[in-house]
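Keep the model open as you read.

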Amino acid sequence: MVARSNAQDPVFSQAFLSPINLNPAAAGTGRYDFRVSGVYRRQWWSIPSGMNYMAFSADKFLPAISSGVGVLATHSSEGYLVKNGFYGIYSYNICSGSDNAADPPKWFFNGGLQFGLAQRKIDYRNLVFADQLNTDGYIPGSVTQADVPRNSGKLFPDFAAGIFFNYNFSAENRLLIGLANHHLNQPDETLTYTGDSIRSVLPMLWTGNLLYTHTNTAQTWSYSIGGVYYRQANNNSFQVGAEVTQNKVDVSLGMWYRGSTNFQGVNTFSVTLSINLVGTTGRNQAFRVGVAHDAEVGRKAYSYSAGSSELGFVWDKSTYDQPDDDPCKPNVNSYMCPAPRR
């Protein structure tokens, strides 16, 4: 008898605190020309399997060639399974231009490609085999004679591509649309494949996002309404919600709902809070820190899992004097607000 199961890549509630992880087209779209970001997620606090996910990236905008370059490192730990990835990213920007440097361009388009290597392996520290047991239980210091999966720790190529399109209806109203495809080459993650067993092919992950942002005329408040859709093999899920930003102190509060498209899976509500620690006094830099907590609802799910938490940051820095007549610098802010540069 052969049984199949399908899973999905990790999903971050604060997806835009690691924008390159969400979409490779985000390379070079920071508030300034250089950006470093990272996010950590602890899944289900009360479940002892220790499901942890991390993503760390650095990217830079190159105005001379209207391009962005970046690197991304990912790590996940799910019980005895560990996965690591390291990627290089390139994106290209096309902009409608602007007659006035104080006004944003009508639109910009970013396309990105991602190339890298991933590794999946078994952590034997969390496994106990039959030859390590006796009538009294586990034999302290015992070493198993079980065969080591020949593909554990094997490196395999992993590719992705994506696009971002931002349209400015006015200086106060903006719409961001994104589409990405990860695992374009559908790499083989099989740990024990010997030529006659079933292969474990990693399905392509499709990600789409839609975000509308409005800023009041005085530029003191902004709100964003958005959603992200994920499709991988037979798994379909989405996240929708809203975020409000007080621009004077640069603090954002968001509430989000995540669930499956058939509404029969886990239903989760998330609260996110992020703040720019440099504040409005920072000169040509910003350091935003964000926290989030997810609570599963229905069937006493939260009492079993104690929810999930995230901690992330984004540091944006100007490494040169950016000319005021360059309104075409693409900008997808860490807190889900694609505001133009001012």
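Predicted model: local features only at pLDDT ≥ 70, side-chain atom pairs only at ≥ 80, totals over all residues.

Residues are numbered from 1 along each chain as its sequence is written, and side-chain values use heavy atoms, with hydrogens and water left out.

Start with the fold elements. The protein has 16 strands and two helices. Both kinds are DSSP runs numbered from the N terminus: helices are H or I with at least four residues, strands are E with at least two. Of the 342 residues, 47% are buried. Buried means under 20% relative accessible area, exposed means over 50%, and partly exposed lies in between, with a 1.4 Å probe and protein chains only. The accessible surface is about 17000 Å², by the Shrake-Rupley method with a 1.4 Å probe, where for residues only the protein chains shown count as cover. Carbon and sulfur atoms hold 61% of that surface. A contact means heavy atoms within 4.5 Å. Among contacts between residues at least 6 apart in sequence, 58% join residues at least 24 apart.

Now the strands. Two strands pair if DSSP finds at least two bridges between them. Strand β2 (residues 51-62) runs antiparallel to strand β3 (residues 67-78), with 11 bridges.

The hairpin of β3 and β4 has two residues between the strands. In that hairpin, Gly79 has a positive phi near 65 degrees.

Move on to strand β15 (residues 285-297). Which residues form its covered face? They are Ala286, Arg288, Gly290, Ala292, Asp294 and Glu296. The uncovered face includes Phe287, Val289 and His293. β15 pairs antiparallel with strand β14 (residues 267-276) through 10 bridges. In β16, Phe313 is the bridge partner of Val289.

Ring pairs link Phe313 with Phe56 and Phe287 in a cluster. Rings of Phe, Tyr and Trp (its six-membered ring) pair if their centres lie within 6.5 Å; planes under 30 degrees apart count as stacked, over 60 as edge-to-face and the rest as tilted. The structure holds eight aromatic pairs.

Why is the pair of Phe115 and Phe159 edge-to-face? The ring centres are 5.5 Å apart and the planes stand at 65 degrees, so Phe115 and Phe159 are edge-to-face. Phe115 sits in strand β5 (residues 107-122) and Phe159 in strand β8 (residues 155-168), so this pair links parts of the chain 44 residues apart. Phe115 is partly exposed at 47% relative accessibility. Phe159 is partly exposed too, at 30%.

Compare Phe238 and Tyr257. Their ring centres lie 5.8 Å apart with planes at 55 degrees, so the pair is tilted. Phe238 belongs to strand β12 (residues 235-246), and Tyr257 to strand β13 (residues 251-260), 19 residues apart. Phe238 is buried at 16% relative accessibility. Tyr257 is buried as well, with a relative accessible area of 16%.
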